[in-house]
Amino acid sequence: MNRILTQDYTFKCSGLKLPKGAMITAPAAAIATDPETFPEPNTFDEHRYLRLREQHKESSRSLVLGMSTIDSLGFGLGNQACPGRFLAVNNLKLMMAKLMAEWDLSLESNGQKFQGPRPSMEYNDFSVVPPSKLSIRVTKN
Ligand code: HEM
């Protein structure tokens, strides 16, 4: 998330002074994977946000896919936060639902069904990608 300062700014917490015209960026990925905010951030945990919503009922409406908070900057923040995020996440949910309902997905290693434990995910820049040593077979139900 990037911003250009339209006036001089001093951070209240640190006293750091930045001049008008400075370009600043927020380390969105580092913040989203800060273990003090999200324990074990690199472990797949399908109930992570369900638990957070139960623990923080007062802010449960912002703990959803497409959220824009100081801990989750993937869609930016404030009055310039991405206006297309609801369209984007609803489309992703629709695509995922169609994939799950109409297609079978399985992992393969050298053309054979992969039998081992769940392999670790890999990272490609900011993207989490399937393990590069395995392939994914997609067949219609
Ligand atoms: C997963 C998909 C998407 C991601 C990760 C994403 C992410 C972002 C981010 C990080 C920003 C900058 C926000 C900021 O500076 O605070 C942004 C801005 C913007 N996005 Fe998206 N976006 C996505 C999809 C879309 C879609 C589908 C649309 C339109 C249909 C859209 C339209 C816009 C527009 C118009 C802005 C500029 C908002 C402004 O400056 O006021 N985005 N997006």
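**Exercise 1. Find where Cys 82 sits, and decide whether Cys 82 is buried or exposed, or in between.**

Step 1: Cys 82 is found in the loop that runs between helix H2 (48–55) and helix H3 (85–102). Helices (H or I, at least four residues) and strands (E, at least two) are DSSP runs, numbered from the N terminus. The model is predicted, so local features need pLDDT of at least 70 and side-chain atom pairs count only at pLDDT 80 or more, while totals for chains, interfaces and linings use all residues. Residues are numbered from 1 along each chain as its sequence is written, and side-chain values use heavy atoms, with hydrogens and water left out.

Step 2: Buried means under 20% relative accessible area, exposed over 50%, and partly exposed in between (1.4 Å probe, protein chains only). Cys 82 has a relative accessible area of 28%, so Cys 82 is partly exposed.

Step 3: In the unreviewed UniProt entry, the annotation "binding site" covers Cys 82. Such annotations may be inferred rather than shown by experiment.

**Exercise 2. Work out which elements each supply at least two residues of the nonpolar patch.**

Step 1: Collect the members, which are Met 96, Leu 99, Met 100, Trp 103, Leu 105, Ile 136 and Val 138, with about 640 Å² of accessible area together. Like charges are joined within 9 Å, and nonpolar side chains (Val, Leu, Ile, Met, Phe, Trp, Tyr) within 5 Å. Accessible areas come from the Shrake-Rupley method with a 1.4 Å probe.

Step 2: At least two residues each come from H3, strand S5 (103–109) and strand S9 (135–140). H3 gives the largest share, three residues.

Step 3: Take Leu 105, in strand S5: at 46% relative accessible area, Leu 105 is partly exposed.

**Exercise 3. Say how many aromatic pairs the whole structure has, and describe them.**

Step 1: The search finds two. Rings of Phe, Tyr and Trp (its six-membered ring) pair if their centres lie within 6.5 Å; planes under 30 degrees apart are stacked, over 60 edge-to-face, the rest tilted.

Step 2: Tyr 9 and Phe 11 pair edge-to-face, 5.2 Å centre to centre with 85° between the planes. Tyr 9 is partly exposed at 35%, and Phe 11 is partly exposed at 30%.

Step 3: Phe 38 and Tyr 49 form a tilted pair, 6.0 Å centre to centre with 55° between the planes. Phe 38 lies in the loop between helix H1 (28–32) and H2, and Tyr 49 in helix H2, so the pair ties together parts eleven residues apart in sequence. Phe 38 is buried at 6%, whereas Tyr 49 is partly exposed at 31%.

How values were computed: Patch = residues over 30% accessible without salt bridge, like charges linked within 9 Å, V, L, I, M, F, W, Y side chains within 5 Å. Salt bridge = Lys/Arg side-chain N within 4 Å of Asp/Glu carboxyl O.
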